[in-house]
Amino acid sequence: MWGSERTFSLPLWASVLVAAGAGVVLDAGFPDRDWWFLAPVGIALMLVALLGRSFGTGVLVGLTAGLSFWLTHIFWITLYLGLVPWFALGGLESLFFAVGLGFIAVVLRYGPRVWPSVWARLGVVPVIIAGLWTAREAISAVWPYGGFAWGRVALSQSESPFGPLVAWVGMSGLSFMMVWLSALAVQLAREPDLARTLRTGVGLGAVAVILVVPAWPTIESGTARLAAVQGNADAGLFAEYSPGQILQDHTSATLPLIGEKVDFVVWPENASDIDPTRSTAAAQVLDYISTEMNVPLITGTITKPENTYYNSSLLWEAGRGAVDVYDKVHPVPFAEYMPDRAFWRPFAPELIDLIGRDYGIGTRDNIFDINGVLAGIAICFDIADDQLVHEMIDDKAEIILAQTNNADFGHTDESVQQLAIARLRAVETGRTVVNISTVGSSAIITPDGQTLDSLPTFTAGAMVRTVPLSDTITPAMMAGRGIEWLVSGLGLAGLALCAGAARRPRCR
């Protein structure tokens, strides 16, 4: 028997409409709106739309929800690249969404056969659903072409009371917990034989248990005083500027700082639009800044050793040049390089040809030793890559310098979405994160997730602050990717049991 649960499902047309609305609601939980409490609401609505659905119709509902969410969430792509790349990326991510929610539909439909008692359903079904959701996020974050680690549910919680949990369970663990709460709420609503007060108590109790987990204490191992400079440079992909203009913009924004006592200066990604390792004039500019400030300078530029372009960060010292280099390990496909160009070009030759050069994949470590301060270096979307963040902490980074160029995205949500990732990384790693952009959003975020300083967007300026360093290892960093594997494995194991129940005739 199925137990006392009553079957509920919407007509397919209604499920599709609910899914379409749910995607927009989920997006509203992310920056720029940042109504974080709507993220679990959007997830719950998707689960309601899946009740009673088969895998096939679950895929249809999931595709609708995915398109609704993704085409809203990454609309910023259209600002410079137009509709085709926006729909292509949104469509690809929506396919992952569709398959993931199709599998969740199977669990919602057949889970009661596998776990026929009320408390088994409440205890197991939400865990399986959350595990499958997390597995789908994990796969799409790394595949294909290195994946797109954007739009994860955890990223909606950067300024919510649930945000501190990321130090304990990491990004995937936080996504799991938020989806688990939504799935538990839906499963409680499916148990009418339980008293309303008991169902309410279980739901509120689950939220309370999570919220009473204390913030992970970060122990300060020292301090560093730094200057992070935002040049307000027109550094967009299709911007028209004379060579050296972006370098000049960051130089001009740094000159008022001469005389400040700092340990180092950090400029954004692409802050030197002329490669100082190949240009004497650009090298002289960096030498001047390093000499006048009497400290090393960390700057982004495009290098070309041995005929391969790299998106690079340089640790520059006057008279010595680039004493260390980090080449971006995870260049963005279809933006910084074109994978399988011959295959994709016939679909949109004009767009594909816009990517005139392919950046190489870096092989150097992402740590700079800045006169004894070990800094993890993240270039742009590197900050969204779990593996790269774990590697810098494994290599004993005491601070994270996240250099980025958001000029392509104007006043859209992209820069604040990226800043939300940086904020969660600060808490997750127990490190100060300096998110420094060519145009914004630039901010210094402490290990407790608080903003120590920030700059207005599209305004030249600098943040000069003494920041805490730390060598604390949070539980999330200690566990590595283990939490992600664990919860994903639970989801897939539960799915296998439900798929088996779907093939067996129903007992009467």
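A salt bridge is a side-chain nitrogen of Lys or Arg within 4 Å of a carboxyl oxygen of Asp or Glu. The model shown here is predicted. By this rule, 11 salt bridges are counted.

**View 1. E260 pairs with R225.**
The closest N and O atoms of E260 and R225 are 3.9 Å apart, so the pair meets the 4 Å limit. E260 sits in the loop between α9 (245-254) and β2 (264-266). R225 belongs to strand β1 (residues 220-230). E260 is partly exposed, at 32% relative accessible area. R225 is partly exposed too, at 29%.

**View 2. R121 and E191 form a salt bridge.**
Their N to O distance is 2.8 Å. R121 lies in helix α6 (residues 118-140), and E191 in the loop between α7 (166-189) and α8 (196-211). The pair therefore ties together parts 70 residues apart in sequence. Both R121 and E191 are buried.

**View 3. D386 and R152 meet in a salt bridge.**
Here the N to O distance is 2.9 Å. D386 is in helix α13 (residues 386-394), while R152 is in the loop between α6 and α7. The pair ties together parts that are 234 residues apart in sequence. D386 and R152 are both buried. A network of salt bridges links R152, D386, R425 and E428.

**View 4. Cysteines C380 and C498 are buried.**
C380 has 9% relative accessibility, so it counts as buried. C498 is buried as well, with a relative accessible area of 0%. How many disulfides does a search of the whole structure find? The search finds 0.

Technical notes: Residues numbered from 1 in each chain as written. Predicted model: local features only at pLDDT ≥ 70, side-chain atom pairs only at ≥ 80, totals over all residues. Heavy atoms only, no water. Disulfide = S-S within 2.5 Å. Buried < 20%, exposed > 50% of the residue type's maximum accessible area, 1.4 Å probe, protein only. Helix = DSSP H or I, 4+ residues; strand = E, 2+ residues; numbered from the N terminus.
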